[in-house]
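This briefing goes through a structure by topic, from helix packing to backbone geometry. The sequence and model are shown first.

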Protein chains: 2
Amino acid sequence: MQSVRIAGVGSTAFGVYPERTGRDLFAEAARVAIADSGVPRTDIDRLCYGNFVGTIAEQQGHQGPLMAAAAGVNIPATRYESACASGGVALRSGVEAVQTGTADVVLVGGMERMTNLSTDRATAGLAMAADDLYESRAGVTFPGAYALMARAYIDEFGGTREDLAAVAVKNHDHALDNDYAQFQREISVADVVDAPIVADPLGLYDACPLTDGASAVVLVSDRYAERHDVNTPIAITGSGQGTDTLALQDRSSLVRTPATERAASDAYADAGITPNAVDLLEVHDCFTIAEVLALEGLGLYDTGTALTAAAEGDTTSDGELPVNLSGGLKAKGHPVGATGVSQVVELSKLLRGDHANSDAVDDASVAVAHNAGGTVASAVVHVLEASR
Amino acid sequence: MQSVRIAGVGSTAFGVYPERTGRDLFAEAARVAIADSGVPRTDIDRLCYGNFVGTIAEQQGHQGPLMAAAAGVNIPATRYESACASGGVALRSGVEAVQTGTADVVLVGGMERMTNLSTDRATAGLAMAADDLYESRAGVTFPGAYALMARAYIDEFGGTREDLAAVAVKNHDHALDNDYAQFQREISVADVVDAPIVADPLGLYDACPLTDGASAVVLVSDRYAERHDVNTPIAITGSGQGTDTLALQDRSSLVRTPATERAASDAYADAGITPNAVDLLEVHDCFTIAEVLALEGLGLYDTGTALTAAAEGDTTSDGELPVNLSGGLKAKGHPVGATGVSQVVELSKLLRGDHANSDAVDDASVAVAHNAGGTVASAVVHVLEASR
């Protein structure tokens, strides 16, 4: 088994780019990641690429070969799609290829254009992550689905809209100095609570925005890094994936996410760690409640306790367990296919010490990335470790 | 490195199913494949699944978890998309997982519903496999793109519409006894040549149809087969993937398919064979010219000679090198995401001796499956070998 090292990372700033194409965004992220790695383009063995709604946003399927060309490489290239976990499953495939020795150098990336869609079309596009027959056609949108989960959580364990708001306030605060974030703007609990309700109890500021952007990482094997003297301070030591039913109605509980539990359990076992070892995380906070469920599914908080912990400041940059120091999906933005890759870009920079928020975690060595699709019908977890 | 064995195969009959959902089609194919394998559902480690236009045909993305549930398994499940090679890349990922020991039992499958789309929407959906900026918006459809390739081929190497027609006539002939084929109907060279022109020189019968259907295979490792006494007469001994630019205009030649050449070269090297060893093939004949280009890219005919060989009957069931004994995409049908998996279903049955056309290849032991996406911007090749 080869050790999987992160040789380079790159992202576009996340935001609104009506004038840029998907291939243009990905070309930038890949160029930065490849330059950061110092690995010659010609050494790259394959491209694992995540994208969700490109067929709707740009009438463009078959983006694997297209993005390989945009990155300036002529190599086997495949698109992976697991809704909002598309980037995460692409990453997992690249990690497996390096772990098993199938490839020595893998370019992993993701891209999404969302803001060129009208809100109606974006909502319809995102709804394709849910069960068309039993959810979407019945009028369930994603804010609606997560609102059901939030309502069930508060019914079962208590908590308030203010507690949920703490998650969004924290993530906006974390993004203040992150130039790659879509929103570098402070918000207050009152802003969140007073915002228009989207699907009760979730308001506008409980939800992540529509975002354009791309991210990429260059993974190399241990043997490659040694032979070519490539600087790889961060390793991906664990990877796991879990699956659940698409439709909420088919699940036994709305307040647990077994797909995350399975992905985390496999990733921790792969890395040989327990949740206690984790110093910081990027988790999939498409809605405030999603961050709460993620932290419980990942085994970092007991079921029913993560909302209170968030409200008490545990997960802020100066709390015990900083979560989403990038700003998360909420403030950094959520270009769907890029998100799972972007989490690893941000964690790498945080662990390497060249992130705006690195000071908050200067003793950290173990980080976890958690990317989810749909209402966590797909979940992918990766463990990153710094050698410092 | 584990040997990859085919434990079971299954398909729906290919055809037109307005009354069936995608999950229903896939459930049937998976059920048949799992039953054929004798492997308990609970032993399956992951699902690798191919689909192309589900977001258009059924407003359904995120089909990995959906199809895992349809197959009755709760396991990590990922959708792969490389246009018409979606099934092939899903298969390749499953093969790699077993080869490397990452998984012992993988369910690989693919599904597509095409016939519920109007011809206009299906054409627009398929066009998403091409370059939206530089081809689709300029009016290039897939029949148009392949017509350019056919015209270039005939200009450079000679040949006639009658020669191309021989490919379609042969594939219809092969499908006559295949109950899984969409068309079990003889056609003549005159039928092909007299059919309405779609894009000169290609007519209606040079093109494969729109099709609904699903296919699945159960792959197991050698160690699993031995421990569980699973009957696995066929092995997948080689796998390769190649990529090219999406847009034809970016290529140096319209009559060569470097993605197929790369995929074949890697698959043969993996299997330790040369093209001479190949006894029969299923290749991606979305248009008659595509079969010709495939056979040359696979190294079975020199460039510029496969069209003549087809016209002379080399590739018929009683020729030297039977090609598309299933009926191919032309007559068996082309439910896009299923096609790359279906080729392996058909070849397995042919090699096992339980296919309607097995008699034509009763001495055969080495078979090749070739699945292509777009105008061969993606190609995937697998080598199957029978132990007989």
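An axis here is a line fitted to C-alpha atoms, for helices over the stretch in contact, and angles between N-to-C directions run from 0 to 180 degrees. The model is predicted. With that convention, the axes of helix α4 (residues 86–99) and helix α14 (residues 336–352), both of chain B, come within 5 Å and cross at roughly 55°.

**Helix contact in chain B**

- On the α4(B) side, the contact is made by B:Ser86, B:Gly87, B:Gly88 and B:Leu91.
- These residues meet B:Gly337, B:Gly340, B:Val341 and B:Val344 of α14(B).
- Sorted by class, the contact of α4(B) with α14(B) has five polar, three nonpolar and no charged residues.

**Interface between chains A and B**

- In the contact between the two chains, 45 residues of chain B take part, together with 45 residues of chain A.
- The size of an interface is often expressed as the accessible area lost when the parts come together.
- For chain B and chain A the buried area is about 3700 Å², with 49% of it on carbon and sulfur atoms.
- Six salt bridges are counted between chain B and chain A.
- A salt bridge joins B:Arg46 to A:Glu96, with the closest N and O atoms 2.7 Å apart.

**Salt bridges overall**

- Over all chains, the count comes to 34 salt bridges.
- Within chain A, the side chains of A:Glu58 and A:Arg113 form a salt bridge with an N to O distance of 2.6 Å.
- That pair links distant parts of the chain, its residues being 55 apart.
- A:Glu58 sits in the loop between α2 (54–57) and α3 (63–70) of chain A, whereas A:Arg113 sits in the loop between β4 (105–112) and α5 (119–127) of chain A.

**Annotated domains in chain A**

- An unreviewed UniProt entry places the feature "domain: Thiolase N-terminal" at residues 11–221 of chain A.
- Over residues 11–221, chain A is 42% helix and 16% strand, and the end C-alpha atoms are 22 Å apart.
- UniProt, again in an unreviewed entry, places the feature "domain: Thiolase C-terminal" at residues 240–385 of chain A.
- Over residues 240–385, chain A is 35% helix and 16% strand, with the end C-alpha atoms 15 Å apart.

**Backbone geometry**

- In chain A, the peptide bond from A:Asp200 to A:Pro201 is cis, with omega near 10°.
- A:Pro201 belongs to the loop between β5 (197–199) and β6 (202–203) of chain A.
- In chain B, the peptide bond from B:Asp200 to B:Pro201 is cis, with omega near 10°.
- B:Pro201 belongs to the loop between β5 (197–199) and β6 (202–203) of chain B.
- A:Val376 is not a glycine, yet has a positive phi of about 60°.
- A:Val376 is found in the loop between β10 (366–373) and β11 (378–386) of chain A.

Technical notes
Residues numbered from 1 in each chain as written. Chains lettered and ligands numbered in written order. Predicted model: local features only at pLDDT ≥ 70, side-chain atom pairs only at ≥ 80, totals over all residues. Heavy atoms only, no water. Helix = DSSP H or I, 4+ residues; strand = E, 2+ residues; numbered from the N terminus. Contact = heavy atoms within 4.5 Å. Nonpolar A, V, L, I, M, F, W, Y, C, P; charged D, E, K, R; others polar. UniProt positions renumbered as here; feature names shortened; annotations may be inferred. Buried area = accessible area lost by both parts, 1.4 Å probe. Salt bridge = Lys/Arg side-chain N within 4 Å of Asp/Glu carboxyl O.
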